[in-house]
Amino acid sequence: MKKKLSMLLAGAMLFGTLMGCGKSADDAASTPPASSADPGVSEPVQTDNEPYKIALIAPLTGASAEHGASYRSAIEYKLAEVNAAGGVNGHLIECDFYDDKGDSKESVTVASLVAEKDEYLACFGPFSSTCAIADAPTFEDAGLVLFAPSSSHADFTGLGDYMVRGCNTSEIQQRFYAKFLANFYGAENVVFLYLNDDAGNSSKEYFTQYFEERGGKVMSAVSYEKEQKDFNAILTSMKTQNPEVLVVYGGYADVASIILQARNLEIEAPIMTFGAAQQQGLLDVVGTEGDGTLIMTALDLDADTPQFKEFSKGFMETYNVESINSHVLNMYDGVTCFIDALTACGPDRAAIAGYMRNCTVEGLCGTYNVVNGDPDKPMGVVTIKDGLFIPYREVNPEYTGVIDD
């Protein structure tokens, strides 16, 4: 089975390359996007049925391309598993990939291309809350479910009956982070540096609220702009406040720059960041300079479920990576939810959306419920040691994952 799965994945990626994956919206409008599964690829399952189709909108190029790559590989891997087992009700599942470059205007353009195609039964992505919120009206009008794996902004799932997210809301996430820092880690004062976008601003507000409710103090909260590279002035100012923890909200490239610049300024406070930074690209840049960084994530690397153990081994071997990030987790779980919905409801867009918004998912790290499009996933803590992501409890066995209020 593993050999067959690997061959299917290899064939799928080759097919994507030949079809010109990662096109811009203009290219996608003139050329059919790449497909992740095709009856003629590798070892096809024999079927006379037409394939069912889904779409992915993600930053396949640009500054956030590693996030898009995580989404794409998770979809490829899951669909290879499903198709190797015969698909759903005798239909293989194919995915077309659309590149929005992580830009909200580009994402809206691509969303229109996807929404006008009747053959799609669901769309996955985009990456950021800003792009997902911008795309939501298009998918609501089209009656096509939009599963946004990493859209944490509270407003997203309230924008229609076809919106589903794959991560906890910012409020749930930040409540856990504040609880961890104040109740377990024992921090009394922190500074907060965050990307100035929808998710960044809401994260800052929620974290400040919940941390200060527990007696902590956010001494300063400073935003930075997308594509900003130089953080020295902000960090120099924050250093004078002598914080116990430097809390950072941003993508992995931003966090990598902040870690290195903070170390260069001899800021001794440990850095705590969030799941978006849990990417191999972060480790590639910071190496052991990132040791001690805390990462709050929905991906518990110590998950004891048989499905996570099997998946992590196969996924890391297939893609030659040393770790799995929360974006892979969220996307894989989301496609699992879609497959369950399609199996139960058939190719009915409205029924699929209704199922996915209120269901129970057998996720990689455990079972969780989705209510009105919002999942309630367990949260975990990862740290960096010797330039690698490891479970936090490996360096602090007192942390069990359960934090008292």
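User: Okay, two strands pair if DSSP finds at least two bridges between them. In what order do the strands of the open sheet run here?

Analyst: First, note that this is a predicted model. The open sheet has 7 strands, in the order 7-6-8-9-10-14-15. Their pairing is mixed.

User: Which ones are the edge strands?

Analyst: Strand 7 (217–224) and strand 15 (388–391). Each of them pairs on one side only.

User: How are neighbouring strands turned against each other?

Analyst: By 25° on average, with direction ignored.

User: Zoom in on strand 15. How many bridges join strand 14 to it?

Analyst: There are 4 bridges. Strand 14 covers residues 380–385, and the two strands run antiparallel. Thr383 faces Ile390 of strand 15 across the pairing.

User: What holds strands together in general?

Analyst: Backbone hydrogen bonds, with strands either parallel or antiparallel.

User: Which way does strand 3 pair with strand 1?

Analyst: In the parallel sense, over 3 bridges. Strand 1 is residues 52–58. Lys53 stands opposite Tyr120 of strand 3.

User: And with strand 4?

Analyst: Strand 3 and strand 4 (residues 146–148) are also paired in the parallel sense, over 2 bridges. Phe124 has Phe147 of strand 4 as its bridge partner.

User: Now the largest nonpolar core. Which residues touch the most other members?

Analyst: Val114, Phe124, Phe207, Met272, Leu282 and Phe338, out of 123 residues in that core. Helix 12 (residues 326–345) gives the most to this core, with 10 residues.

User: What does Val114 touch?

Analyst: Leaving out residues up to four places away in sequence, Val114 touches Ala55, Ile57, Tyr98, Tyr120, Cys123, Phe139 and Leu144.

User: Where do helix 4 and helix 5 stand relative to each other?

Analyst: Helix 4 is residues 104–115 and helix 5 is residues 129–142. Their axes come within 9 Å and cross at roughly 25°. Angles under 35 degrees count as roughly parallel, so helix 4 is roughly parallel to helix 5.

User: Is the crossing left-handed or right-handed?

Analyst: Helix 4 passes helix 5 in a right-handed crossing.

User: Which residues make the contact?

Analyst: Helix 4 brings Ser104, Ser107, Val108, Ala111, Ser112, Val114 and Ala115. Helix 5 brings Thr130, Cys131, Ala134, Asp135, Thr138, Phe139 and Ala142.

Note on methods. Residues are numbered from 1 along each chain as its sequence is written. This is a predicted model: local features need pLDDT of at least 70, side-chain atom pairs count only at pLDDT 80 or more; totals for chains, interfaces and linings use all residues. Side-chain values use heavy atoms; hydrogens and water are left out. A nonpolar core is a set of buried Ala, Val, Leu, Ile, Met, Phe, Trp, Tyr and Cys residues joined through side-chain atoms within 4.5 Å. Buried means under 20% relative accessible area, exposed over 50%, partly exposed in between (1.4 Å probe, protein chains only). Contact means heavy atoms within 4.5 Å. Axes are lines fitted to C-alpha atoms, for helices over the stretch in contact, and angles run from 0 to 180 degrees between N-to-C directions. Angles under 35 degrees count as roughly parallel, over 145 as roughly antiparallel, 65 to 115 as roughly perpendicular and the rest as oblique. A crossing is left-handed if the near helix is turned anticlockwise from the far one by less than a right angle, and right-handed if clockwise.
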